[in-house]
Amino acid sequence: MIDLSGRVIIVTGASSGIGQSVASCASKAGARVALIGRDMKRLRETYDSIENESRIFPLDLLKEIEDIS
(Lines give C-alpha, C1' and ligand atoms only; values in the text may rest on other atoms or scores of the structure.)
Protein backbone atom coordinates (compact mmCIF):
# COMPACT_ATOMS: atom_id res chain seq x y z
CA MET A 1 0.00 0.00 0.00
CA ILE A 2 1.14 3.55 -0.76
CA ASP A 3 2.06 5.68 2.25
CA LEU A 4 0.03 8.91 2.17
CA SER A 5 1.08 10.12 5.62
CA GLY A 6 1.25 13.90 5.78
CA ARG A 7 -0.88 14.31 2.64
CA VAL A 8 -4.32 15.87 2.28
CA ILE A 9 -6.60 14.18 -0.24
CA ILE A 10 -9.69 15.96 -1.60
CA VAL A 11 -12.44 13.49 -2.53
CA THR A 12 -15.56 14.60 -4.38
CA GLY A 13 -18.56 12.29 -4.24
CA ALA A 14 -17.32 11.02 -0.89
CA SER A 15 -20.80 10.19 0.40
CA SER A 16 -21.14 6.95 -1.60
CA GLY A 17 -19.73 4.59 -4.20
CA ILE A 18 -16.27 5.11 -5.62
CA GLY A 19 -15.73 8.39 -3.76
CA GLN A 20 -16.49 6.75 -0.43
CA SER A 21 -14.10 3.90 -1.25
CA VAL A 22 -11.33 6.30 -2.30
CA ALA A 23 -11.78 8.30 0.92
CA SER A 24 -11.58 5.15 3.02
CA CYS A 25 -8.49 3.82 1.22
CA ALA A 26 -6.71 7.19 1.38
CA SER A 27 -7.42 7.37 5.10
CA LYS A 28 -6.11 3.84 5.68
CA ALA A 29 -2.95 4.87 3.80
CA GLY A 30 -2.43 7.71 6.30
CA ALA A 31 -3.90 10.74 4.50
CA ARG A 32 -6.12 13.42 5.99
CA VAL A 33 -9.24 13.52 3.82
CA ALA A 34 -11.47 16.41 2.70
CA LEU A 35 -14.88 14.85 2.10
CA ILE A 36 -17.00 16.66 -0.50
CA GLY A 37 -20.55 15.68 -1.44
CA ARG A 38 -24.19 16.75 -1.57
CA ASP A 39 -25.74 14.46 1.07
CA MET A 40 -24.74 15.56 4.59
CA LYS A 41 -26.14 12.43 6.26
CA ARG A 42 -24.13 10.11 4.01
CA LEU A 43 -21.04 12.31 4.29
CA ARG A 44 -21.34 11.96 8.07
CA GLU A 45 -21.45 8.16 7.68
CA THR A 46 -18.27 8.27 5.58
CA TYR A 47 -16.67 10.63 8.12
CA ASP A 48 -17.52 8.25 10.97
CA SER A 49 -15.83 5.36 9.14
CA ILE A 50 -12.59 7.26 8.40
CA GLU A 51 -9.56 6.36 10.50
CA ASN A 52 -7.55 9.59 10.21
CA GLU A 53 -8.45 13.24 10.60
CA SER A 54 -10.96 14.40 8.02
CA ARG A 55 -13.26 17.34 7.30
CA ILE A 56 -16.71 17.47 5.72
CA PHE A 57 -17.57 20.00 3.00
CA PRO A 58 -21.22 19.64 1.92
CA LEU A 59 -21.24 21.02 -1.61
CA ASP A 60 -23.11 20.44 -4.87
CA LEU A 61 -20.40 21.10 -7.45
CA LEU A 62 -22.84 21.02 -10.38
CA LYS A 63 -24.91 23.77 -8.78
CA GLU A 64 -21.79 25.84 -8.16
CA ILE A 65 -20.74 25.51 -11.82
CA GLU A 66 -24.23 26.47 -13.01
CA ASP A 67 -24.13 29.56 -10.78
CA ILE A 68 -20.87 30.68 -12.43
CA SER A 69 -22.28 30.38 -15.98
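User: Is Ser27 buried or exposed?

Analyst: Ser27 counts as buried because its relative accessible area is 1%. The cut-offs are under 20% for buried, over 50% for exposed and partly exposed in between, using a 1.4 Å probe on protein chains only. Please keep in mind that this is a predicted model, where local features need pLDDT of at least 70 and side-chain atom pairs count only at pLDDT 80 or more, while totals for chains, interfaces and linings use all residues. Residues are numbered from 1 along each chain as its sequence is written, and side-chain values use heavy atoms, without hydrogens and water.

User: Where does Ser27 sit, and what does Ser27 touch?

Analyst: Ser27 belongs to helix α1. Leaving aside residues up to four places away in sequence, Ser27 touches Val33, Ile50, Glu51 and Asn52; contact here means heavy atoms within 4.5 Å. Helices (H or I, at least four residues) and strands (E, at least two) are DSSP runs counted from the N terminus.

User: How should I read the sheet: in what order do the strands come, and is the pairing parallel or antiparallel?

Analyst: Strands of a sheet pair through backbone hydrogen bonds, in either a parallel or an antiparallel way. Two strands are called paired if DSSP finds at least two bridges between them. In this model, three strands make an open sheet, ordered β1-β2-β3, with parallel pairing. The edges are β1 (8-12) and β3 (54-58), each pairing on one side only. From one strand to the next, the twist averages 15°. β1 pairs with β2 (residues 32-37) over five bridges, and Val11 has Leu35 of β2 as its bridge partner.

User: Which strands does helix α1 touch, and which does helix α2 touch?

Analyst: Helix α1 (residues 17-28) packs on the sheet against β1 and β2, its direction making about 170° with that of β1. Helix α2 (residues 40-49) also packs on the sheet, touching β2 and β3, and its direction makes about 170° with that of β3. Such angles run from 0 to 180 degrees between N-to-C directions, with axes fitted to C-alpha atoms, for helices over the stretch in contact.

User: Which residues make up the largest nonpolar core?

Analyst: A nonpolar core is a set of buried Ala, Val, Leu, Ile, Met, Phe, Trp, Tyr and Cys residues joined through side-chain atoms within 4.5 Å. The largest one has 10 residues: Val11, Ala14, Ala23, Ala26, Ala31, Val33, Leu35, Leu43, Ile50 and Ile56. The elements giving two or more residues to this core are α1 and β2.

User: What does Ile56 touch?

Analyst: Beyond residues up to four places away in sequence, Ile56 touches Leu35, Met40, Leu43, Arg44 and Tyr47.
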